[in-house]
Amino acid sequence: MTTVRVDAWQFQCCGGRFGVGDTVTWGLVPEHSSHLGTRIGSRRAQEVAWSESHHGPADALRQRGRIAALEAVWVAFAQQGSGGSLEPVPGTAVTRAIKRA
């Protein structure tokens with residue numbers, strides 16, 4: 001079994017709903033986000049091997065598979081400094097098992 005990160009915006013834009021038990025074909029790219037550990041914790045981040053890439057790149061690995069489990073993750077963001085960018089707040093990740101996304 002492989003853990004794949006799917007960003008909500010990828011499917012809010014132009015994707016369909018999916019759920020546990022569904023067979024999907026996704027474009028996958030190796031997960032290498034430097035922020036993922038800050039968002040979900042370093043142990044959990046190490047479990048994520050791939051990111052779904054609904055919009056490219058052209059060389060994304062097309063894979064077909066069955067969804068065995070889904071977990072939604074929410075993370076708090078806070079502005080860094082006066083007029084700074086929003087950054088994830090370490091330790092604020094909340095997860096919940098879900099059946100459909």
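Biologist: Why is Ser53 called buried?

Modeller: Ser53 has a relative accessibility of 11%. Buried means under 20% relative accessible area, exposed over 50% and partly exposed in between, with a 1.4 Å probe and protein chains only, so Ser53 counts as buried. The model is predicted: local features need pLDDT of at least 70, side-chain atom pairs count only at pLDDT 80 or more, and totals for chains, interfaces and linings use all residues. Residues are numbered from 1 along each chain as its sequence is written, and side-chain values use heavy atoms, without hydrogens and water.

Biologist: With which residues is Ser53 in contact, leaving aside its neighbours within four places in sequence?

Modeller: They are Gln10, Gly27 and Val29, where contact means heavy atoms within 4.5 Å.

Biologist: What makes the pair of Phe18 and Trp26 edge-to-face?

Modeller: A search of the whole structure finds one aromatic pair. The ring centres of Phe18 and Trp26 lie 5.2 Å apart and their planes stand at 80°. Rings of Phe, Tyr and Trp (its six-membered ring) pair if their centres lie within 6.5 Å; planes under 30 degrees apart count as stacked, over 60 as edge-to-face and the rest as tilted. The pair is therefore edge-to-face.

Biologist: Which residues form the largest nonpolar core?

Modeller: This core has seven residues: Phe11, Phe18, Val24, Trp26, Leu28, Ile67 and Leu70. Such a core is a set of buried Ala, Val, Leu, Ile, Met, Phe, Trp, Tyr and Cys residues joined through side-chain atoms within 4.5 Å. Both Phe18 and Trp26 are buried.
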